[in-house]
Amino acid sequence: MEAIQTMFCTVELIQRANTLILQKLNKVVKRWNYETKIAFVFEEMLPMLDPHVDFIVNFENSQNCIKKNTKDNPAFAQFMRYSTNAPELDYKELSDLLITPVQRVPRYVLLLQDLVRYTLPSHPDYEQLKVALEKVRAFADSVNERKRSRERLLQLRENILNQKDDLDTGARFFVREGVLKHKKNDDYCILFNDLLLVTRPESKRRSMTMSLAASPPAPFHFSDDSPASSPGGMSRMYDTHTKFKILSRHAITTRCRVEDLPDGKNQTHAFSLNPQGETGPTIVMEAPSSVEKVLWMRAFASLATSPLSSSSGTLHSYDGS
């Protein structure tokens, strides 16, 4: 059963959601006339697309599970051979069928683009179609960010040396990383939606200067052979193979608080963080630039309302390895 869950993940929820969306679209189309409005269907469907996020994030695990079971499980291998000769499966392998939910969200974007393109600006639904397109496009972008975050988390799971538990909890995802001054030391901080790791790299440090003009407030993007790129400011970065040693770790809860601190004689670009709210300890950190400070504060503030952040506070902060 575990292998089945890994392979198919949320596919049943996706099938139900898309069936409901199709029913709504059919209902509108059956009553079609020149002034018919359809944009509301796409706006109403957005919450129903949430199961696609988990499916897409899990897709690589799904493919690896299929390969492993095809190799190790004779009965499953026989089923895979059958599927390529089955007309009811359109003569497709399981992997080819499972790519369909991954492609669904981008196809909704393309559909809305065509609807906007072929709708007259004078049509009563024209402006709302443009709004729906931007909302679905933003959702697609957020799915891509979660996928990249997942990939980075898996990299870090292999690269952090003194973990006390598995970083991959299923609900955890990577948010941001970079150099912050903590307790007068320039440490490398790695932020997840429910956990902040203060670390020190075990290999040679790389430097990178990024243009402040191109500073979107988004997580870093990575490739297998390039160093991490910062969304802005001056920050020392490391390639994807760098090993890190944990110096301290702090649970991030939905009660976490982040506050701006004024520049002074002994600190610049500083902010305070209460990972578990007013009852927890306060951490003071300094960013390498004003832009980095804003981006870090924005990242922490977003987690204060994230439903995926830890709400129990059971993972206590600790110093040392």
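On a 1 Å grid over the protein atoms alone, a cavity is a set of points where a 1.4 Å probe fits but cannot get out, and lining residues have an atom within 4 Å of a point. Points are joined across faces, edges and corners, and a volume is the space filled by probe spheres set on them. The model is predicted: local features need pLDDT of at least 70, side-chain atom pairs count only at pLDDT 80 or more, and totals for chains, interfaces and linings use all residues. Residues are numbered from 1 along each chain as its sequence is written, and side-chain values use heavy atoms, with hydrogens and water left out.

There is 1 cavity of 30 Å³ or more, and the largest cavity holds about 70 Å³. Its lining includes Ile 56, Phe 59, Lys 147 and Leu 154. Two or more lining residues come from each of α4 (50–72) and α7 (126–159), where helices are DSSP runs of H or I with at least four residues, numbered from the N terminus. The largest share, 5 residues, belongs to α4.

Phe 59 is also where α4 bends by about 50 degrees, the angle between axes fitted to the seven residues ending there and the seven starting there.

A pocket is an open set of points with protein on both sides within 12 Å along at least five of seven lines. The second largest pocket has a volume of about 300 Å³. Of its 14 lining residues, those closest to its centre include Asp 54, Val 57 and Arg 146. Here too α4 gives the most, with 6 residues.
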